[in-house]
Structure formats: C-alpha cells, structure tokens
Amino acid sequence: MKSEFGIEFRGEEEALHFADRLPHPFTLFALDGELVGRPKVRKRFLKPVAGMALTVTDLIAPELARQAAEAPEPLVHEFFRLFRERCRQASELRAAEFTIDFDLARAFGEEAYRSRLLAFLRGCYGILHEFRLVMRLAWRPPEGGEAARRFLFDTLFSGVGLALEGDPAQFPAGNWLEPVKFQAEFGRFRLEEPFGERVGMVKAMPAQLATRGFRAVFAVAEAPEELLLEELAALIRGDQRVEERELFPITEV
C-alpha cells in the first residue's frame, strides 16, 4: 500500500512561503478552507507545484459546520452557498478531497441528529459530483468505529469518506481500525513534541488497512518552519539520526 504524507498550513504567509519548499518525502500540501479563496494563495496555487498534490482541511470552519444540519432555513441556504463556493475554489486548485467536521460523535450517540445529518448531507451530493470532490467527514477514533462504518454506508454516496483526526499518542494499541479498514484512506494528525513516537504510529497504520492507499496530513501547533519540517521528513524517511532543533535560536542583529 502506498502512503503519502503532507503538512497542513493554516496561515496565508507560511503557505506561500513553503509552496516550493517541502522536503522529501512530503507530497501533500494541505490548505485550510479559509485560504482557498485568498487572492494571493489562488494566484500561487493555480499554477501546479511539481510533485505535490493539494488537499483542503476544514473546508468550512467546524463551529459553522457542526450547527449547519439544525440551522434555520436562511442559514442553511447560506451554508450551501458557501459550501459550493469553497468546493469550486478547491476544485480550481486541483484538490480532489477535503475534510469537514459535522460532529460525527454526536451523530453516533443521538439518533435524531444522525437522521437529520444524513438528510442534510444529501444536499451536498450534487455539488460534490459537479466538482468531482470527495468529502471526508472528521472522525476522532477510536470510539465509534463500527458506528462510523455504518454511517458511511447509510450516506449511500461514494463521494463521502472518513478523515481520521486526533493525536496519535492517544490512540490505543491493537487493531482498532478493523471496523473501518476499507474506508480509512485519509488522516489528519495533530503532532506535539516529541514527534518520533507519533510519526511512527501513523506510519504503522496502513498495516491495519485494506485500502488502496493512505494519505496522512500532519498538523503542528506552531507555524511550520524549515527545521521542523526537515525533522518530520527525516522521521518519515526513517533516518537513523535526526538533528535536534534549536530550542533558543539566536537571531543575528
């Protein structure tokens, strides 16, 4: 199984700075949904970046998406207007998929919300088909693996998938991915130092899966910078020696 790795950029400045600078083996450039409409970002990424594929995380901000299925009708119309606009913008940047957080954990525990969310999602299908995008629903494992599998089945649409989310250090030992081994193709993993164990856990995940590939996007708390990205890249490559980053870098005057 082929694994691909990427970095999430939530700020316009760092996204533009690293457009051509991600070290090997990174092949995924993840943009926050708020960035796909920014003029400078669009100008840069409308031109392909050699060896890189673009994906989008949080197409719509979670605080909006989590309320959308139960919002009053005028707000629902506004949501779908924004959803379609963001999908168009992502498609123009050649993204093939995006993540969005509709609060699946709540859907697993509340049947009324589950039914309402399934009905709401049907309003997304035509837009996804129009722009040839896959919508990956944020799921924070390991709780609800079987519920996540059933929920995807009940969407009755091939353009809906899962996005595993969370801190790998909080995932349990064992084969907890078994219920979604055919659906878990994408993950967005929050990293904190030390990175080594967390990166190793993500690299081991494909062994539990039966998908054609696995794409892992790393989100770090601090704004990405060259030395940090080089460290993560070395851990992914399995380099024997990873240089420690300076804790207190000296700035030349």
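Trainee: Is L156 buried or exposed?

Mentor: L156 is exposed, because its relative accessible area is 70%, and the cut-off for exposed is over 50%. Keep in mind that this is a predicted model.

Trainee: Okay, and what about the phi of L156?

Mentor: The phi of L156 is positive, about 55 degrees, even though L156 is not a glycine.

Trainee: Where does L156 sit?

Mentor: You'll find L156 in the loop that runs between helix 7 (145-155) and strand 6 (160-166).

Trainee: Got it. What does phi look like at D58?

Mentor: D58 is not a glycine either, yet its phi is positive, at about 50 degrees. The loop between strand 3 (53-57) and helix 3 (62-68) holds D58.

Trainee: And is D58 buried or exposed?

Mentor: D58 counts as buried, because its relative accessibility is 6% and the limit for buried is under 20%.

Trainee: Switching to peptide bonds: which residue is joined to P25 by a cis bond?

Mentor: That would be H24, and omega for the cis bond between H24 and P25 is about 15 degrees. As for location, P25 belongs to the loop between helix 1 (12-17) and strand 2 (26-32).

Trainee: What's omega for the bond from E193 to P194?

Mentor: Omega there is near 0 degrees, and the peptide bond from E193 to P194 is cis.

Trainee: Where is P194, then?

Mentor: P194 lies in the loop between strand 7 (186-191) and helix 8 (195-204).

Terms used
Residues numbered from 1 in each chain as written. Predicted model: local features only at pLDDT ≥ 70, side-chain atom pairs only at ≥ 80, totals over all residues. Heavy atoms only, no water. Helix = DSSP H or I, 4+ residues; strand = E, 2+ residues; numbered from the N terminus. Buried < 20%, exposed > 50% of the residue type's maximum accessible area, 1.4 Å probe, protein only.
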